[in-house]
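Here is a short report on one protein model. Look at the sequence and the structure first, then read on.

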Amino acid sequence: DRWQIRRAGRLVWADALVLSGPIAELAQRPAIMAGGRAALALIALGPGVGDRLAALRRALPTYTTLAGHGYEAGASAWDGMLACRVVAVDGQRLIEVTARAVAALDLVPAPRGWRF
């Protein structure tokens, strides 16, 4: 998975994820997915988007392990950008967490099937 975001022709975000070999084994590593089975990167750009960081962090409390909570999340904002990464135990939990993140950002409506 590789993608880039440019603003006025200037690269402001680049992300690349390449997994090969024993994927399930790699996913156990703390720096990769810490045992999770689903992950996302949510990026928002625009004036004032950083003002939503506190709301996003309230909606997705930070935990140090997947155990008991079903996900780990972290978010930062800088220079008109907001980035959030989430690793979850499975796709269903990732959808639930993503729906909370999208609602907290209040930038676009969550897909109807994602409302919990």
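Is Arg 57 buried, partly exposed or exposed? Arg 57 is partly exposed, with a relative accessible area of 44%. Buried means under 20% relative accessible area, exposed means over 50%, and partly exposed lies in between, for a 1.4 Å probe and protein chains only.

The model is predicted: local features need pLDDT of at least 70, side-chain atom pairs count only at pLDDT 80 or more, and totals for chains, interfaces and linings use all residues. Residues are numbered from 1 along each chain as its sequence is written, and side-chain values use heavy atoms, with hydrogens and water left out.

## Arg 57 and its surroundings

Arg 57 sits in helix H2, residues 53-59. Helices (H or I, at least four residues) and strands (E, at least two) are DSSP runs, numbered from the N terminus. Leaving aside neighbours within four places in sequence, Arg 57 is in contact with Ala 75 and Ser 76. Contact means heavy atoms within 4.5 Å. A polar atom of the Arg 57 side chain lies 2.5 Å from the backbone oxygen of Ala 75. A polar contact is a pair of N or O atoms within 3.5 Å; within protein, one must be able to donate a hydrogen and the other to accept it, and residues adjacent in sequence count only if both atoms are side-chain atoms. The C-alpha atoms of Arg 57 and Ala 73 are separated by 8.7 Å, and the two residues are 16 residues apart along the chain.

## The sheet and its helix

Three strands form an open sheet in the order S3-S5-S4, with antiparallel pairing. Two strands pair if DSSP finds at least two bridges between them. S3 (38-45) and S4 stand at the edges with a single partner strand each, so one side of each has no neighbour in the sheet. Direction ignored, neighbouring strands here are turned by 10° against each other on average.

Eight bridges join S3 to S5, residues 81-88. Ala 38 has Ala 88 in S5 as its bridge partner. Eight bridges also join S4 to S5. There, Gly 74 stands opposite Arg 85 in S5.

Helix H3 (residues 91-105) lies across S3, S4 and S5, and runs at about 15° to S3. Axes are lines fitted to C-alpha atoms, for helices over the stretch in contact, and angles run from 0 to 180 degrees between N-to-C directions. Thr 98 lies in H3. Thr 98 counts as buried, at 9% relative accessibility. A polar atom of its side chain lies 2.7 Å from the backbone oxygen of Leu 94.

Most residues other than glycine have a negative phi.

| Residue | Phi | Relative accessible area |
|---|---|---|
| Ala 34 | near 50° | 32% |
| Asp 79 | near 45° | 54% |

Ala 34 lies in the loop between helix H1 (23-27) and S3. Asp 79 belongs to the hairpin of S4 and S5, which has two residues between the strands.

## Nonpolar cores

A nonpolar core is a set of buried Ala, Val, Leu, Ile, Met, Phe, Trp, Tyr and Cys residues joined through side-chain atoms within 4.5 Å. The largest one has 21 residues. Those with the most contacts inside it are Leu 56, Leu 60, Tyr 71, Leu 82, Cys 84 and Val 86. S3, H2, S4, S5 and H3 each give two or more residues to this core. H3 gives the most, with six residues.

Leu 82 has contacts beyond its neighbours within four places in sequence, including Leu 42, Val 49, Leu 56 and Leu 105. A second, separate core of five residues includes Ile 5, Val 12, Trp 13 and Ala 83.

## The aromatic pair

How many aromatic pairs does the structure hold? The structure holds one. The rings of Trp 13 and Trp 78 have centres 6.1 Å apart and planes at 35°, so the pair is tilted. Rings of Phe, Tyr and Trp (its six-membered ring) pair if their centres lie within 6.5 Å; planes under 30 degrees apart count as stacked, over 60 as edge-to-face and the rest as tilted.

Trp 13 lies in strand S2 (residues 10-16) and Trp 78 in strand S4 (residues 71-78), so the pair ties together parts that are 65 residues apart in sequence. Trp 13 counts as buried at 14% relative accessibility, while Trp 78 is partly exposed at 37%.
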